[in-house]
Amino acid sequence: MDITRLKDDVSELLEEQVETLALSAEEGIMAGYSISYESPALTVAIPGGWRIVILNTINPGEQLEIVAHELGHLLLKAEGLYDVKLTEDWSEKYLTSQINSVIAHHFLIERLLSEYAIPSTYHLELQKNILATGEELIKDAGDEPLILHGIGLRLLDLIINTDGEEDRIRELLTCSEQIVKAFELGEELLVYPIHQLPAEDQYRRIKDFFQRLGYKNLPIRLSGR
Ligand SMILES: [Zn+2]
């Protein structure tokens, strides 16, 4: 595992510092960071760079993998991959985070392994939680399209990056037409052939994705490096 070289590469490409802060869930809450076993890390912009906040109560090997995952997102960003943002509304944030995951993860997982010998075992274990709790999650989503579409993309992210889960994923897809719709449109528009597509192409794909799902007036913003 070559996380030091990865961190150096990211800092050099971004021309900014990247720092890591390991906290317990309680310390996280006090500092305004929401980290938990389900979502053990986050990256925030700080003056002059980036801060990766990581849950310090997961084991050190897992912490390393999860920090590498966050660094992987920054690396792709530095090389020209954009994130999409809407408002701070919870459901909108859920969908945009799933969009950003589908767009980045297959590039990121492959890259961490081939260039830095860093596996994504822990990340994929967390992602697979949806296989156990899928029906419940879908029931809780009710008929909220933003959440159902987000679930469709989560299943897409999983089918792309794991082996042997396809039957269970297909089973969950049958639970809702909205879920299938987002899954299929995501497959068509959000799985880029390369991560360095021109910014206009990235914007057009994401805009198409929203429009074809029936969202007309969402204030889509892309954020790059
Ligand atoms: Zn990610």
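1. Because the model is predicted, local features need pLDDT of at least 70 and side-chain atom pairs count only at pLDDT 80 or more, while totals for chains, interfaces and linings use all residues.

2. The domain assignment, which is automatic or from a database, divides the protein chain into domain 1 (3-78) and domain 2 (84-223), and their C-alpha centres lie 21 Å apart.

3. Between them, 12 residues of domain 1 are in contact with 14 residues of domain 2, where contact means that the C-beta atoms, placed from the backbone, lie within 7 Å. On the domain 1 side, the elements that give two or more residues are α1 (3-14) and α3 (60-78), and α3 gives the most, with eight residues. Helices here are DSSP runs of H or I with at least four residues, and strands are runs of E with at least two, numbered from the N terminus.

4. Strands β2 (residues 41-46) and β3 (residues 49-55) run antiparallel and are joined by six bridges, whereas pairing asks for at least two bridges found by DSSP. Ala-41 stands opposite Ile-54 in β3, and in the hairpin, with two residues between the strands, Gly-48 takes a positive phi near 80°.

5. Helix α4 (residues 90-116) has 27 residues, yet its end C-alpha atoms are only 34 Å apart, short of the 39 Å that a straight helix would reach; that expected span is 1.5 Å times one less than the number of residues. The helix α4 bends by about 45° at Ala-104, the bend being the angle between axes fitted to the seven residues ending there and the seven starting there. After α4 comes Ala-117, with a positive phi near 55°.

Key: Residues numbered from 1 in each chain as written. Contact = placed C-beta atoms within 7 Å.
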